Amino acid sequence: MPGPPPRRLSLEDFRPRTLDEVLGQAPAVARLRRILTGVRNGTVVPPHLLLHGPPGVGKTAAARAFGREALGENFEANFSELKAFDDRSHQSLPGIIMNSRTRPLGGAPFRILFFDEVEALAPDAQNDLRPAMEGEGGWSVYILACNDLGAMAKALQSRCTLLEFTPVDLADMRRIVTAALAKTPFRLDPAVLESIVERANGVPREAIKLLLEEGGAQPYPA
Ligand SMILES: Nc1ncnc2c1ncn2[C@@H]1O[C@H](COP(=O)(O)OP(=O)(O)O)[C@@H](O)[C@H]1O
Ligand SMILES: [Mg+2]
C-alpha cells in the first residue's frame with residue numbers, strides 16, 4: 001500500500017533554529033555568541049541590539065535563534081516579536097513600553113522584545129522607544145532589525161550594539177543550499193545546485209525559493 005503523501009515543503013521548513021545554522025554572517029554571529037557566553041556565565045544581561053542589512057540574509061533568523069539560546073526554557077514566556085508595520089503593535093506600543101518595566105515571567109533574568117523591520121515605525125514611534133530602552137532595572141532587552149540603517153533614529157542607534165548583516169559569499173551560499181537540500185527529498189544535478197548558488201545573488205532567502213522551485217519541478221523521487 002502506498003504511504004501517506006509526502007508533506008509539502010515551504011520556506012518555513014528551512015528556518016534556522018540555532019545560531020549555528022545562520023551561515024555566512026561570521027562577524028555578527030561571533031559577536032552574538034560572545035554576548036551569550038556572558039549571559040550564560042550569569043555575568044551580564046545582553047545589551048540592546050540593532051541588526052541591520054539587506055532583506056533575506058538572516059536578521060530575523062539570528063534574532064530568534066539568539067533569543068532562544070539566551071532565554072532557554074524561558075523563551076516562550078519572555079520573547080515577544082513585533083513587526084513595526086503591524087497595526088496592532090503600533091497601537092499597543094505604549095502598553096508594550098509599560099509592560100517592559102515589569103519583571104519578566106517565571107523568574108527569568110530578562111525578557112527580549114524583538115522589533116522586526118523597525119524602520120517602518122514613524123520617527124515619533126521610534127522616539128517612543130527611547131525611554132523604554134533606557135528603562136530601569138535592565139529587565140527588557142530590545143532587539144531591533146532593519147534593512148536601512150539610514151532610516152533609524154540616531155538616538156536609537158546609539159543605545160544599541162550594531163550588528164551588520166551582509167550578502168553571503170558563494171562558498172557560504174553553497175553550504176546554505178546544501179544544508180537546505182538535505183532537508184528535502186530532492187536530488188539536484190550539481191550544475192543546477194551551482195546555478196542556484198549563483199542566481200541567489202548573496203541572498204539566502206532567494207536561494208531557498210529557487211531550491212523549492214527547481215526541486216519541486218522534478219519528478220518526485222521514488
Ligand atoms: N545567513 C543565513 N543562513 C542560513 N539561512 C538563511 C540565512 N539568511 C536567510 N536564510 C534563510 O532565509 C530565510 C529568511 O531569512 P530572514 O532571517 O527572514 O532574513 P531577514 O530577516 O534578513 O530578511 C530564513 O528563514 C532561512 O531559511
Ligand atoms: Mg526579517
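Me: What should I know before reading the model?

Reply: This is a predicted model, in which local features need pLDDT of at least 70 and side-chain atom pairs count only at pLDDT 80 or more, while totals for chains, interfaces and linings use all residues. Residues are numbered from 1 along each chain as its sequence is written, and chains are lettered from A and ligands numbered from 1 in the order in which they are written.

Me: How many helices and strands are there in the chain?

Reply: Helices (H or I, at least four residues) and strands (E, at least two) are DSSP runs, numbered from the N terminus. The chain has 10 helices and 5 strands, and its C-alpha trace spans about 60 × 40 × 35 Å along the principal axes.

Me: Which domains does the assignment give?

Reply: Domain bounds come from an automatic or database domain assignment. Here they give domain 1 (19-164) and domain 2 (168-216), with 29 Å between their centres, taken over C-alpha atoms. Contact requires C-beta atoms, placed from the backbone, within 7 Å; 5 residues of domain 1 are in contact with 10 residues of domain 2.

Me: How is a pair of packed helices described?

Reply: Two packed helices are described by the angle between their axes and the distance between the axes. Axes are lines fitted to C-alpha atoms, for helices over the stretch in contact, and angles run from 0 to 180 degrees between N-to-C directions. The axes of helix 9 (residues 190-199) and helix 10 come within 9 Å and cross at roughly 150°. Val192, Ile196, Val197 and Arg199 of helix 9 meet Ala207, Leu210, Leu211 and Glu214 of helix 10.

Me: Which residues are closest to ligand 1?

Reply: A residue is near a molecule if its C-beta atom, placed from the backbone, lies within 6 Å of it. Of the 21 residues that surround ligand 1, the closest are Gly58, Lys59, Thr60, Ala61 and Pro204. Helix 2 (59-71) and helix 10 (204-216) are the elements giving two or more residues to this shell. Domain 1 and domain 2 each supply at least three of its residues.

Me: Why is Glu117 classed as partly exposed?

Reply: A residue is buried if 20 or more other C-beta atoms, placed from the backbone, lie within 10 Å of its own, exposed if 12 or fewer, and partly exposed in between. Glu117 is partly exposed because 18 other C-beta atoms lie within 10 Å. Glu117 is found in the loop between strand 3 (111-116) and helix 6 (123-133).

Notes: Contact = placed C-beta atoms within 7 Å.
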